[in-house]
Amino acid sequence: MAEWWEIKLNPKKLKKLLNDELVRIEDDAKYGYVHAFKVLAAGRYYMYLGDFEEGKKYILKAIEAKKKDIDTTIKECGYESEAVAINKVRLAKMYRWVGEMDKLKQECLEAANIFRKIYEEEKKTDSVLVLYPDSSRDFYVAWSAAEYYLGNYQMAVDVEKIYAKNTFGIVSSGLAEYILKNDAQALKNQIKILVEGIIEFKCAPNYDTNVYDPWHWYEEAKKIAGLPGIFSLFDLSLPLLPIW
């Protein structure tokens, strides 16, 4: 019987998802393409099948592909742009899966500085970003994640307050709040919500990786709580809010 915090995946279905993804990756390679979200998906599938080294290899490929995406975006939009900041957070989250915490924090620092500057400038003109935050969910979700990983927990909470109209909430802001309040019970409840949501909506491990990314935050929440998970394999730091 599974523990309350465990999600039991069907290996047969997972292998099919992986094989389908590998076919798509191989087809892309024929034309010289490497799509970060596809190799990231393959990496996660491998990890949930228990092949952590192969999973790490694919996630490192995703990291290199995302870095190239960012370089292209900088040329097209400029360094201090929303697109660059969002993609830096996506890159940082990939680093999380392989335990590269220093690189994660560097990307988040650069992203957070861009987010803050853009928001302050947009406030001066009462822009859509400020008046209608629901229309810019990628911006606020990524901004909160950047502040969370920098340990700026109050700032992560404040970002969600700006974005309060969204009914989904921002998981990283919630995790930040539980850490600030030392609220282990709330963290436990959050893990249960993530588990129930992933199961109810049959979310594959690559579900919505660009925005809400429930599997990422499920692993993050377990790491905070001191429960076994993928992040603990590559990051041996102590749990921030153990629930036992």
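Where do Asp 69 and Lys 66 both lie, and how many residues apart are they? Both belong to helix 3, at a separation of 3 residues, about one turn of the helix. The legends below describe close-up views of a predicted model.

View 1. The side chains of Asp 69 and Lys 66 form a salt bridge with an N to O distance of 3.9 Å. Asp 69 is partly exposed, its relative accessible area being 32%, whereas Lys 66 counts as buried at 7% relative accessibility. Glu 54 counts as partly exposed at 21% relative accessibility, and Lys 57 counts as partly exposed at 39%. An α-helix has 3.6 residues a turn, so residues three or four places apart point the same way.

View 2. Glu 177 and Lys 181 both lie in helix 9 (residues 171–181), 4 residues apart, about one turn of the helix, and their side chains meet in a salt bridge of 2.8 Å, N to O. Glu 177 counts as partly exposed, with 26% relative accessibility, while Lys 181 counts as exposed, with 57%. Asn 182 is placed in the loop between helix 9 and helix 10 (184–200), and its phi is near 55°, a positive value in a residue other than glycine. Asn 182 is also exposed, with a relative accessible area of 58%.

**View 3. Lys 202 in the loop between helix 10 and helix 11.** Lys 202 is found in the loop that runs between helix 10 and helix 11 (214–225). Its phi is near 50°, again a positive value in a residue other than glycine. Most residues other than glycine have a negative phi. At 75% relative accessibility, Lys 202 counts as exposed.

**View 4. Helix 7 and its covered residues.** Helix 7, made up of residues 137–149, has 13 residues and reaches 18 Å from its first C-alpha to its last, close to the 18 Å expected at 1.5 Å a residue. The helix is mostly covered, 11 of its 13 residues being buried; among them are Phe 139, Val 141, Ser 144 and Glu 147. Helix 7 is followed by Gly 151, whose phi is positive, near 80°.

**View 5. Aromatic pairs that involve helix 7.** The structure holds 17 aromatic pairs. In one of these, the rings of Phe 115 and Trp 143 have their centres 6.3 Å apart and their planes at 25°, so the pair is stacked. Phe 115 lies in helix 5 (residues 101–123) and Trp 143 in helix 7, so the pair ties together parts that are 28 residues apart in sequence. Phe 115 and Trp 143 are both buried. The rings of Tyr 148 and Tyr 149 have their centres 4.9 Å apart and their planes at 70°, so this pair is edge-to-face; both of these tyrosines are buried. A cluster linked by ring pairs includes Phe 115, Tyr 119, Phe 139, Tyr 140, Trp 143 and Tyr 163.

**View 6. The largest nonpolar core and the surroundings of Tyr 148.** The largest nonpolar core has 81 residues, and those with the most contacts inside it are Phe 115, Tyr 140, Tyr 148, Leu 175 and Leu 187. When residues up to four places away in sequence are not counted, Tyr 148 touches Tyr 153, Ala 156, Ser 172, Leu 175, Ala 176, Ile 179, Trp 217, Glu 220 and Ile 224. In soluble globular proteins, nonpolar side chains tend to be buried together.

View 7. A search of the whole structure finds 0 disulfides. The sulfur of Cys 108 is 20 Å from the closest cysteine sulfur, in Cys 77, and this is too far for a bond. Cys 108 is buried, with a relative accessible area of 0%, and Cys 203 counts as buried at 7% relative accessibility.

**View 8. A network of salt bridges.** The structure holds 21 salt bridges. Arg 44, Lys 93 and Asp 213 are linked in a network of such bridges.

Key
Residues are numbered from 1 along each chain as its sequence is written. Side-chain values use heavy atoms; hydrogens and water are left out. Helices (H or I, at least four residues) and strands (E, at least two) are DSSP runs, numbered from the N terminus. The expected span of a helix is 1.5 Å times one less than its number of residues. Buried means under 20% relative accessible area, exposed over 50%, partly exposed in between (1.4 Å probe, protein chains only). A salt bridge is a side-chain nitrogen of Lys or Arg within 4 Å of a carboxyl oxygen of Asp or Glu. A disulfide is a pair of cysteine sulfur atoms within 2.5 Å. A nonpolar core is a set of buried Ala, Val, Leu, Ile, Met, Phe, Trp, Tyr and Cys residues joined through side-chain atoms within 4.5 Å. Contact means heavy atoms within 4.5 Å. Rings of Phe, Tyr and Trp (its six-membered ring) pair if their centres lie within 6.5 Å; planes under 30 degrees apart count as stacked, over 60 as edge-to-face and the rest as tilted.
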